[in-house]
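The following exercises concern one protein model. Each task is followed by a solution in steps.

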Amino acid sequence: MDVKTAYLNGYLEEEIYMLQPAGFDDGTGRVYRLKRSLYGLKQAGNVWNKAWNKAMEELGYEKLKSDYCCFVRREGEDFSILLVWVDDLINFSNDTDRVEQELKTKFKINVIGEPLILLGMKINCDEEKKTISLSQTHYIDSLLKHFGLANTNMVSTLMDPNVNLDEEDEGKGEKEGKNMDERGPKTYMTAIGLLMYATLATCPDITYAVQRLAQFTKNPQPKH
């Protein structure tokens, strides 16, 4: 599900004014005083978050301390888990209709259906086996293609233990050894950042290797 025009649901605590927008200017020179948050305001996200948290509390949900984006409600045998990412929602419940109707009393909700992709992760639901699995094959394939590594071979060892990453390469020119080229560090940092997301989502096995290589983002060498 997603919440339509989510940021417009929260009321501002501050006194904020804005110019009349193009197409709505009555020529008086007057300004608008905002009652609700608009997209683009610095506090818009925070205002929406407060409005959402208040609604969840009124509906009997408890926010997990380990993950502020996860809300849980248990009533005997009935349970509901809501995951929220800004204005996108996923509902795990044994009474989805009730949850949808309750949310619609608070916000304008668009029910999309069973989730297929969320935040770069594919969600595979097998009703026969009663399993839910996550995968990022498409995400990883796109990384390989982006960095020109689509035709490289797989390796069983994530890092070569015989390579000393802390030692600077010797006997190489400045560009090739210390600084690579102008795009090198930026490309390297981009790769590390994209891989870090994979470690958080579905690839915890590469966490050590990625964190180790992240120590060299300022001045990566070819071996990194």
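**Exercise 1.** Determine which exposed residues lie on the face of α5 turned away from its buried side, and then examine the helix as a whole.

*Solution.* The structure is a predicted model, in which local features need pLDDT of at least 70, side-chain atom pairs count only at pLDDT 80 or more, and totals for chains, interfaces and linings use all residues. Residues are numbered from 1 along each chain as its sequence is written, and side-chain values use heavy atoms, with hydrogens and water left out.

Step 1. The face in question carries K186 and L200; exposed means over 50% relative accessible area and buried under 20% (1.4 Å probe, protein chains only).

Step 2. The buried residues of α5 are G184, P185, Y188, A191, I192, A198 and T199. They lie on the same side of α5, because they cover an arc of only 140 degrees around the axis, taken from the directions from the helix axis to the C-beta atoms.

Step 3. These buried residues pack against α3 (137-146) and α6 (207-213). Helices here are DSSP runs (H or I, at least four residues), and strands are E runs of at least two, numbered from the N terminus.

**Exercise 2.** Identify the residues with the most contacts inside the largest nonpolar core.

*Solution.* Step 1. A nonpolar core is a set of buried Ala, Val, Leu, Ile, Met, Phe, Trp, Tyr and Cys residues joined through side-chain atoms within 4.5 Å.

Step 2. The largest such core has 20 residues, and W48, W52, M56, L82, L89 and L103 have the most contacts inside it.

Step 3. At least two residues of this core come from each of α1 (44-58), β6 (78-85) and α2 (96-104). The largest share, 6 residues, is supplied by α1.

How values were computed
Contact = heavy atoms within 4.5 Å.
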